[in-house]
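Thanks, everyone. Let me walk you through one model, briskly.

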Amino acid sequence: MDQVVTNERRARRRWRNSRHDHYWDKWQEASRAKQKIIAEAKRKQFREAIAEAAEGNSIWRLAKWGRTKAQLPPELPIMPTLTTSEGQAVTFQEKAEALRGRFYPRVEADLSDIHDTSFSLESFPRSAMQVDKTTSREEVETVLKSSRPFKAPGRDGIPTGFLKALGPRVAEAIANLASACWKHSHYPQQFKEARTIVLRKPRKPIYTDLGAWRPIALINTIGKVIEALIARRLSAIAKEYHLLPDIQMGGRKGRSTETALELLTEQIHTIWTSKKHVATLLSIDISGAFDTVNHIRLLDILRKKGLPTWIILWVQAFLKNRSTSLVFQGQETPLFQLEAGVPQGSPLSPILFLYYNASLLELCNQPERGLSSIGFADDINLLIYSPSTEANCRKLERVHKKLLTWARHHGMKFAPKKYELIHFSRCRRFNLRAGIRLEGETKTPSPDIRILGI
């Protein structure tokens, strides 16, 4: 009897895995075809917009904007009085203190499972990964070519377009500088001093709330080139050695919000073919994800994944002794030290964060239990299916407890009030009002939610 039960369980597991492989293969085929359709649609929309501007005699205003203002950073918004837990922030100094506490909170992570936090050479396992420790003028020129020429520069005030105009000799000098920095595990201090611009988040109902504002770090342009070179290597390693989960769509070549949404749609359609199951989606929110990355935890993750020692030591130098100022209302604060986080605005930060939260996505992806996840940078969406919505919600509650353990070890915090819950079904017999209870908060399902900005 036990053998019969065991065989039945194995059969069910094979069935579930085959369904997962089916919608994964189907999504890959559909995504390649849709990428061409989306590219054609974008070109068509741009051409129609230009034609409409020409017919409406507004083409000259567009041309004037292109000559005079297109290369300038966006005008800084006017910041109203901010509401904080201690009252109201009215003056520039009060707002700066409130924003600093919001953007760069104190990060407390449980690091008890890390045996060596000094990252001495003896603590690194021997890596089989071969990564070029030097760069060339041609590679630097490729990075410069792919960068926007007049994007807002950092404290040095030098735009990328100026470096491009200086020609091959400057590219050769940057290549030599980058190679020397990697060889000696060094990163110049002036490259670690940023100016953080405070910008409004779009579509917020009220801007007196601290959560309606976000930071963008403007970094030294030459430093960004070096960071982009390392980012290219980390991305190549991740692809070659499969270091990141396939369900992570953000910051990876050939993937976009369209491919993430297409995969999600195919999964839901596959579940619908059963008619005995109902799908439930929980979109979770991480508070200040990039700015709360614990440096020791990040370096330990890179070490455990077997990355070359020289890359990890250079990333350690990149993270150490970073500082920034806040810029808003036409004023700027003095520089202050940052104890955690990766700078939003650096080309290296996205791929570092993908390594950081890879284990979170792996924890959320259990096809044999009817659970899958789709990540796009710090956006995590959990999709689960079972014979009832109540069972889906109970399973999600159990999974969320594991996520809290992950958050405690990584110094992250979830925001249950910002979660979104929705059930997907074509049958009326399912209870589409079943809710979920997380950390004392009851989340009821919505008929429509926003995922990845859509």
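I'll start with the ground rules, then the whole chain, then a few residues.

This is a predicted model: local features need pLDDT of at least 70, side-chain atom pairs count only at pLDDT 80 or more, and totals for chains, interfaces and linings use all residues. Residues are numbered from 1 along each chain as its sequence is written, and side-chain values use heavy atoms, with hydrogens and water left out.

The whole chain, then. The protein chain has 13 helices and 13 strands. Those are DSSP runs, numbered from the N terminus: helices are H or I with at least four residues, strands are E with at least two. Of its 454 residues, 44% count as buried. Buried means under 20% relative accessible area, exposed means over 50%, and partly exposed is in between, with a 1.4 Å probe and protein chains only. The accessible surface comes to about 24,900 Å². Carbon and sulfur atoms hold 52% of that surface. The areas come from the Shrake-Rupley method with a 1.4 Å probe; for residues, only the protein chains shown count as cover.

Now contacts, meaning heavy atoms within 4.5 Å. Take those between residues at least 6 apart in sequence: 75% join residues at least 24 apart.

Serine 373 sits in strand β9, residues 371-376. What does serine 373 touch, not counting residues up to four places away in sequence? Ile247, Leu361, Cys364, Asn365, Asn381 and Leu382. Serine 373 counts as buried because its relative accessible area is 0%. A polar atom of the serine 373 side chain lies 3.3 Å from the backbone oxygen of leucine 361.

Phe46, Ile50 and Leu62 make a nonpolar patch of about 270 Å². Patches are made of residues with over 30% relative accessible area and no salt bridge; like charges are joined within 9 Å, nonpolar side chains (Val, Leu, Ile, Met, Phe, Trp, Tyr) within 5 Å. A salt bridge is a side-chain nitrogen of Lys or Arg within 4 Å of a carboxyl oxygen of Asp or Glu. Isoleucine 50 belongs to helix α1, residues 2-55. Its relative accessibility is 31%, so isoleucine 50 counts as partly exposed.

Last, two backbone angles. Arginine 203 is in the loop between β3 (193-200) and β4 (213-218). Its phi is near 60 degrees, a positive value in a residue other than glycine. Histidine 242 is in the loop between α7 (221-241) and α8 (257-272). Phi there is near 55 degrees, again positive in a non-glycine residue. Arginine 203 counts as exposed, at 61% relative accessibility; histidine 242 is exposed at 65%.

How values were computed:
A polar contact is a pair of N or O atoms within 3.5 Å; within protein, one must be able to donate a hydrogen and the other to accept it, and residues adjacent in sequence count only if both atoms are side-chain atoms.
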